[in-house]
Amino acid sequence: MFQGSKTEKELNYRPFPFEPSSIHSVILTHAHIDHSGLLPKLVKAGFDGLIYCTAATVDLCTIMLQDSGHIQEMEVEQLNRRNRHRSHAAIEPIYTVADARAAMTQFRAVSYKEWQEGQGGLRFRFWDAGHLLGSSSVEVELTADDGPIRILFSGDVGPEHKLLEYPPDAPQNLDYVICESTYGDRERDDASQEGRRQQLRQIVSRAYHPNGALLIPSFAVERTQELLADLYALMETGKLPRSPIIIDSPLASRATAIFKRHAPSLPNGELLQKALNSQNIRFTESAEQSKAIDLIHGFHIVIAASGMCEAGRIRHRLKNWLWRDEGTVLLVGFQAEGTLGRILQDGARTVKIQGEEIVVRAAIRLLEAYSGHADATELVDWIAEREPIQSGLFLVHGEPAAIDQLKSRLSRRAPVPAIFTPKLDSEFRLTKFGAVELGPPAPLPRLSANEVGHRDWHNDYQSVILDLEDKLDQAADQKGRAVILRRIKRALQDDAV
């Protein structure tokens, strides 16, 4: 599912650039919505094959895809209500809760490291990617005229230190590797357990105010559970005062039940179970319970989805706290370009939430130690451990700057014969002797390269509106405001000419 700017997210509503009924099967690396989120749409459009993934991924997709369908139904209902007032045509959700449930009947659970036979001389197996409960890298073997071709698709690669995950594992000696590059342009600060908790302790201590709140926009699956475990450990050992921690996300509640079920097989699973039984940790379910959070007196911590502040209950909490000096917002994951989370991270003084302008007075903090993605050095090391890579390395799943910097790092290393950085809808023919890029069939590509992974005109428009409102507020009097507006009108007229 496309995330980021409105231009990119609009692709979720368009038809697939292929015929869904022609697909034999799907191999899913993990449950995160940017990977699994369009599967119900694929099924709805005519795909009737199997969707292979690990058992934990099946469990998580069962709740996450239905939640995604629910969010789409709610948001489309609200949008259509506004569209009726503007005489705009009504739109349909990408898919519904019922569509998500129907898609789950095509999921099949597969164990790690067990070969599965596909169609046309293809077989594959999963390796633990260390990114999320049930996450996988996929090793694929294809029969070709000049011998078998071995491909490794990284999925999302986890970092070295992950509270609830083991280090990533994958095979060596491949023809091709397709690798993610989310953090290809950055290094995290000390992400060890001790370093991570020390950073968290400092941020929570600075956020403490007798009448304040710490808001943590967080992915409901795994990030929330990691934060709970670390906050519990810091409070239990007296390094932080015991404070109420509210998990304001029905999805996080359901995901936590899945993590609790899988806890015996997880590193630090016992710590998570203790945290979940702590008296100061509370979960909200109903909308009434969520609204009641705004009535809490005294310092408290709220963890709510979504992690990029694009939907869910965190937007209501932000509307209530962003304009207050005693509030703090802690961003604990990657914020895609064009999202509200990224706009806050980049230092916006005012933002718009649900059409309402909010002045940002709350402190905005960033803690990347919780990211589920390997940083630049870890990605380089992970690729090095896959060597020899005989025919080519593809860098995907990253903003242009991240891909470019990771390619630059890797180009200084001799073993990789060719590095490719495909764009949206790029197509390649793979052989034992190298990859050949093919021209995309019309009407592809769906977006130009400068529209992917960048702010779009919607972001720029909102920025101009907010800047204009700021200038008008700063004007000395009505005459000064009239001068500003005349200049704007003149600029529009000049542009029209």
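Trainee: Why is phenylalanine 299 called buried?
Mentor: Buried means under 20% relative accessible area, exposed over 50%, and partly exposed in between (1.4 Å probe, protein chains only). Phenylalanine 299 has 7%, so the residue is buried. The model is predicted: local features need pLDDT of at least 70, side-chain atom pairs count only at pLDDT 80 or more, and totals for chains, interfaces and linings use all residues. Residues are numbered from 1 along each chain as its sequence is written, and side-chain values use heavy atoms, with hydrogens and water left out.

Trainee: What makes tyrosine 208 partly exposed?
Mentor: Its relative accessible area is 46%, so tyrosine 208 falls in the in-between class.

Trainee: Why is the pair of tyrosine 208 and phenylalanine 299 called tilted?
Mentor: Rings of Phe, Tyr and Trp (its six-membered ring) pair if their centres lie within 6.5 Å; planes under 30 degrees apart count as stacked, over 60 as edge-to-face and the rest as tilted. Here the centres are 4.9 Å apart and the planes are at 55 degrees, so the pair is tilted.

Trainee: What makes the pair of phenylalanine 420 and phenylalanine 428 edge-to-face?
Mentor: Their planes are at 70 degrees and their centres 5.6 Å apart, so the pair is edge-to-face.
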